[in-house]
Every structure is written in structure tokens, then in C-alpha cells.
Amino acid sequence: MALFESKKKKDLQSQEKEAFANPSPKALANLISQYVASQDLDKALDVAKRAVVIYPDSEDLIASYQNAKRVQMGTRIMSLQKGIQSHPERKHYEALASIYYTDLNNHSKAFEIAQEALEKFPDADGLHVICGLVRMERFHKEFLSNDFREAVHHFQRASDINPMNYRAMLSLGRLNAEVGLFDEARRVFDRLQQISQIDEHVDKIKALMSEHAAEGRGTDQLDEVLNGVELNGYLDTVGERIRDIFEPPREPTGRTANVGELETFLKDLSATHGFERAVIMTLGGSVRGSQANDESTLELFTAEAKAMSEFCADASRRMDIGGFTYAEIQAPHGTTLISHARGHVLGLGVSGVMKSDEVSKVIQKFIAAVSYF
Amino acid sequence: MKEALEQLAKEIGVKGSLILTKDGMVVASSLQKHLDENVISAIASTAIRAINDSLGKLQNGPFQFLVVNAEFGKLSLIECGDVYLVVVLEKQIQSDLAMLSIQSAARRIRNLGSMAS
């Protein structure tokens, strides 16, 4: 067996020489796969890194590199999970959460691990930072005040535990600045600049805060500010400019509505099997469009669809599962579908049961129809 | 009933579940540590009342099955005779497969309920 392994290794080594002497994306991708199959993951990643430098635009090589990374991580993940099961240590949890967050880009899983770990190791600043980062991402997606508060809590805790935790302080200062708590942000940045005097992000934020000093808010106004952000579904102009310092530019909000898109969507919707009625309205209840087999039922349906959507949005918030997207309600006389997107509510009533792929299609088309709002 | 919930807890993507009477009492639960039974049961009870109230006005109720989808998770409620099965799920699960397991658990609970009566 050892002899066979040794021969296999020699074969791969000579293949590697040949592949780099006469490189091609296909040959290199093949070599990487062979190293992965022979479980020599260090070699697989080494070859992959070198290959991607030669052919940075090769999708095959990028895919091979990512696959090798995933397999390598898989081994590491299993080892860490075993460690957690047998004798849980803070470092196991920190490493595992970090792998999911940074290497595998699975932020939900990283968050779950970090939350579980903090129950055992409440003073792990690294885990607080991961929780804070995930909460901050969620806040920037859904603008729910609970996510902001949780993010701030975790970053504050991390920096209290470890005053040298740069990422925690930078994120804390950033969040405070984004919602207009300029004095709070400045206090954090002053501490941060004792660790490192040069940070272009901090300099840019400070410049923006000085430019818009009159728009700064006190901590006593935080509830009001967060309610406003949550209602609007976006930060104010200064907040967005601060966010832009850290992130690539996003789609502008408030583009011109395309009512024709809505009409087309509703017309198509009326062809749904068992269709009875549908309405699209703003979150405030202004009807944008409707269709019904029996028009006399529309007013009541609109009112109840609004009520159900408000309830579902509130339930999602209280459950801490993020912003409400859609609900499917099956009852004796049919199915009701309620969805939120871009400040709009869809209410759809059909007789009978809707298949899951039908539901998905309706939701996707609704999102596309209101995407210009 | 607890056994049905423990079986369900083994399914990928299920974060926890509980069984609620129609007046909001928790009969049994199996929840991951970070989930608060009181919070979930309160939200579920209110959901049942609010949604059934709306459906009643539309002369279509009470609901048999409700799933609330959100950005980072799902909540499903299934009527099982005298009780409701409430399941908290991850967002990124295969809906059809998960629903099969949940419906199976709901059937067991419904049968247990009818045997008890």
C-alpha cells in the first residue's frame, strides 16, 4: 500500500512539473482535482494559488481553487467540531465561527456558532465581533432597530473586553455615525486613534460629521432615529454616505415607479389556477392596483391583507428572524399569500392549495414588478 | 408528543418546535438554547388569533397551515386538532423536504390527540 502511495505521489509530482512547464487551465485544474482526490489538500491549494496567478480569469481554475478550499475547510471543520464535542474550548468556537464567516462566507452559520459559544464563553471578544458584524449586515439590509441595538451591544462588549479590538471599535463608531450619533462616534474614534493614528475610514467619517455637524443627534433621540430608519427602510443621506465609505455603491432608492409593470403583473396573476382576487398596496394602505373575480370582495380583502401583513412583519421582527418577506396561509376555502417588497404589500387569494414552485414564481414576479419603486 | 418534537429536531434546518393549545399553553417543546419558549409561544398565540380573526372576516378560516418567511428564518404553524405545532426553521432549507417532515410530525400529534380523546 505504501509503495502504491509513493508511486502515486511521484506520478503527481511529475504531472505537476509538466503542467507548469506547459501550462493550460485544463491541465492545472485536472492536477488540482487529482491532489484533492489523493487528499493532499496543502498541495492542491498550493497548485491552485499558483495556477490562478497565471490564469486569473479562468473559471475552471477559480472553481477548482474554491473546491479545494472547501474540502480543506471540511477537514478542519470536522476536527474543530470534534474538539467542541469532546472538550469545548473558546479557541475551537472562535476558529469554527471564523472559518464559516471569512472562508466560507456562511454568515448565518457563523452567527449561530458564535451565539452558542457566547453562552459558554461570554468574554470572547472575537465571538462578539462576529455577532456584531452579522447584526450590522442585517441592519444594513432590513434596517430593523433590534439589529442595530444588538450590533452595538456586541461591538461595545468586544471593545470593553479587549480595548485593543480595532474592528469592534471601528464598527461601533461607524454604526453610531451612520444614525447621526456623532458625539458617540467621535468618542469611539478618539479611543481608536490611540491604537492607530492613521485610518482613512475614520478620517473620512470625521470629515463628513464635521461637514454635517448640525444634523448630529443625541443618544436620547436614538429611539426616534431608529424608528425613522426602520419606517423608511434606509439611512438618511449622511448615513448612506458614511456607509459608502465601507461598501461598494448600491442601487439608488426612490426611482420612478412603473405602474405598467404592476398592471401586467396583476393581469398575469389572474391566470393563476384558482385565482380569486389580488391587491397591491403601499405599506400605508394606498392601493396601487387590484384584480378580482368578484369586485365586491376587494375592499374587505384589502383591509384584511393589510392587517395580516402588518401582523406577519411584527411577528418576524419579534422572532428576530429578519424582515418579513412572505406568508402562505392555507385555510378550508383556499390559500392566501401575503408578501412585502420595496415598501409594497401583495395580497393574493386563490381557491385550493398553491404548489411551492407556484408560490416562488409569484413572489419573484412581485419583487420584479415593484423593483422600480 | 415530546418524542415527535425530538424527532423533528433532528431534521436539518429545524431550530426548534413546540406544541401549543388553542388558548396558548405550551404542551411540549424542543428548542435550541438561544430560542426562548415564552417569546415563541406568545408570538405564535398572537399569530393564531390575529390571522384567524382576519380569515374569519373573509369567511375563510381557521387556517390549517401558516408559514411566515423572513430574511433569516421561517416560522410555521400547523393545526393538529386541539393543538398547534409551531416550528422555527432556518431560511436556507429545502422547503419541500422540511415540510414533509413537519407534516409527518403534525400527523403523529393529531393522531395522539385523537387517541387521548
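Of the 117 residues of chain B, 51% count as buried, where buried means under 20% relative accessible area, exposed over 50%, and partly exposed in between (1.4 Å probe, protein chains only). This is a predicted model, in which local features need pLDDT of at least 70 and side-chain atom pairs count only at pLDDT 80 or more, while totals for chains, interfaces and linings use all residues. Residues are numbered from 1 along each chain as its sequence is written, chains are lettered from A in the order in which they are written, and side-chain values use heavy atoms, with hydrogens and water left out.

Chain B has three helices and five strands, and along its sequence these follow the pattern α-β-β-α-β-β-β-α; helices (H or I, at least four residues) and strands (E, at least two) are DSSP runs, numbered from the N terminus.

Turning to the interface, 36 residues of chain B are in contact with 36 residues of chain A, contact meaning heavy atoms within 4.5 Å. The two chains bury about 3,200 Å² between them, 62% of it on carbon and sulfur atoms; buried area is the accessible area (1.4 Å probe) that two parts lose on being put together, summed over both. On the side of chain B, Leu58(B), Glu71(B) and Phe72(B) lose the most area to chain A, together 21% of what that side buries. Two salt bridges are found across this interface, a salt bridge being a side-chain nitrogen of Lys or Arg within 4 Å of a carboxyl oxygen of Asp or Glu. Lys57(B) and Glu304(A) are joined by a salt bridge between their side chains (3.9 Å, N to O).

Glu142(A) belongs to helix α7 of chain A, and Glu142(A) is buried yet has no salt bridge, the nearest side chain of opposite charge, Lys141(A), being 5.7 Å away. For charge, Lys and Arg count as positive and Asp and Glu as negative, while His and the chain ends are not counted.

The largest nonpolar core has 57 residues, and those with the most contacts inside it include Leu127(A), Phe139(A) and Phe155(A); a nonpolar core is a set of buried Ala, Val, Leu, Ile, Met, Phe, Trp, Tyr and Cys residues joined through side-chain atoms within 4.5 Å. Helix α7 (residues 125-142) of chain A supplies the largest share of this core, eight residues. Apart from this core lies another, of 37 residues, among them Ile43(B), Ile48(B), Ile51(B) and Leu55(B).
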